[in-house]
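User: I would like to learn how to read a few features of a protein model. Can we go through them one at a time?

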Amino acid sequence: MGGDAGAGRLRLWLARATALSDSRGMDELPAIILAGGRARRMGGGDKGLLDIGGTAILARVIAALRSQAHPVAINANGDPARLAGFGLPVLGDGLPDQPGPLAGILAGLDWAARLGAPAVVSVAADMPFLPGDLVARLRASAPGIQAAMAAGRAANGSLRSHPTCALWPVALRADLRAQLVAGGRRLHDFALRHAAIPVVWDHAPIDPFFNVNTPADLEQASRLAGAGR
């Protein structure tokens, strides 16, 4: 993150996010940030540590969540010390071989169960423009704690689902574990099987679920951040 200057920016972002969350309610859900991917298209490493507009993507994600969910944890594999500066618990996959985002969601569900929470909200660590009403709208769409996932509407009216940004009832833990043990890794299939309710956000003026997968995406995100986000 660029030495002392990067550390200073991180502290400032996290201080602002904490201030926004001081009035959190007792009924908030926990959230898990999925940062356990291999980032092959970026050449490896942690995409969340990449810089956009002078701030790490992961710091932006944390800032967006801190006013919406509590507590917040990071799902990541390897040495957790590299993420210590964010001041959040780091939860590794509970299954070997890094089987993808579903393993991170399972880690989040197990954590939420230990907290006594009825559900957990998941988000991706490579989405720097998450909406400030993500958790509220997911919860409002799913009375009685039902699975719900974000979706984006493009200018042409087409929809794209984003099951990494979703609400998952703790009651799905056993089924998810069984799917992973059996070799099933497709997140979208799991969401469809449990009738996850799509909650739609418009892409204008910016896609709130824009994710950074490639160097070109990183350049575009930096331009968008410079334009006011």
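Analyst: Trp-168 counts as buried, at 1% relative accessibility. This is a predicted model, and every value below is computed from it.

User: What describes a pair of aromatic rings?

Analyst: The distance of the centres and the angle of the planes describe such a pair. The structure holds 3 aromatic pairs. One of them joins Trp-168 and Phe-190, with 5.7 Å centre to centre and 40° between the planes, and is tilted. Trp-168 belongs to strand β8 (residues 159-169) and Phe-190 to helix α6 (residues 187-193), so the pair links distant parts of the chain, 22 residues apart. Phe-190 is buried, with a relative accessible area of 0%.

User: Which residue lies over the face of Trp-201?

Analyst: Arg-137 does, at 4.3 Å from the ring centre.

User: How do I read a helix, taking α7 as the case, and which of its residues are buried?

Analyst: An α-helix has 3.6 residues a turn, so residues three or four places apart point the same way. In α7 the buried residues are Asp-217, Leu-218, Ala-221 and Ala-225. Down the axis of α7 they fall within an arc of 100°, so they line one face of the helix. Exposed residues Glu-219, Arg-223 and Gly-226 sit on the face turned away from that buried side. Among the elements covering the buried residues of α7 are β2 (51-52) and α2 (57-66).

User: What span should the 12 residues of α7 have?

Analyst: At 1.5 Å a residue, helix α7 (residues 215-226) should span 16 Å, and its end C-alpha atoms are 17 Å apart, which agrees.

User: How many salt bridges are there, and which parts do Arg-82 and Asp-46 tie together?

Analyst: The count comes to 7 salt bridges. In the one between Arg-82 and Asp-46, the closest N and O atoms are 2.6 Å apart. Arg-82 lies in the loop between β4 (72-75) and β5 (90-91), and Asp-46 in the loop between β1 (31-34) and β2, so the pair ties together parts that are 36 residues apart in sequence. Arg-82 is partly exposed at 33% relative accessibility, and Asp-46 is partly exposed at 23%.

User: Is Asp-110 buried or exposed, and which residues are linked with Asp-110 in a network?

Analyst: Asp-110 is buried, with a relative accessible area of 15%; the cut-off for buried is under 20%. A network of salt bridges links Asp-110, Arg-173 and Arg-177. Between Arg-173 and Asp-110 the N to O distance is 2.9 Å. Arg-173 lies in helix α5 (residues 173-181) and Asp-110 in helix α3 (residues 101-115), so this pair ties together parts 63 residues apart in sequence.

Notes:
Residues numbered from 1 in each chain as written. Predicted model: local features only at pLDDT ≥ 70, side-chain atom pairs only at ≥ 80, totals over all residues. Heavy atoms only, no water. Phe/Tyr/Trp six-rings, centres within 6.5 Å; stacked < 30°, edge-to-face > 60°. Helix = DSSP H or I, 4+ residues; strand = E, 2+ residues; numbered from the N terminus. Buried < 20%, exposed > 50% of the residue type's maximum accessible area, 1.4 Å probe, protein only. Lys NZ or Arg CZ within 6 Å of the ring centre and 35° of its normal. Expected span 1.5 Å × (residues − 1). Arc of directions from axis to C-beta. Contact = heavy atoms within 4.5 Å. Salt bridge = Lys/Arg side-chain N within 4 Å of Asp/Glu carboxyl O.
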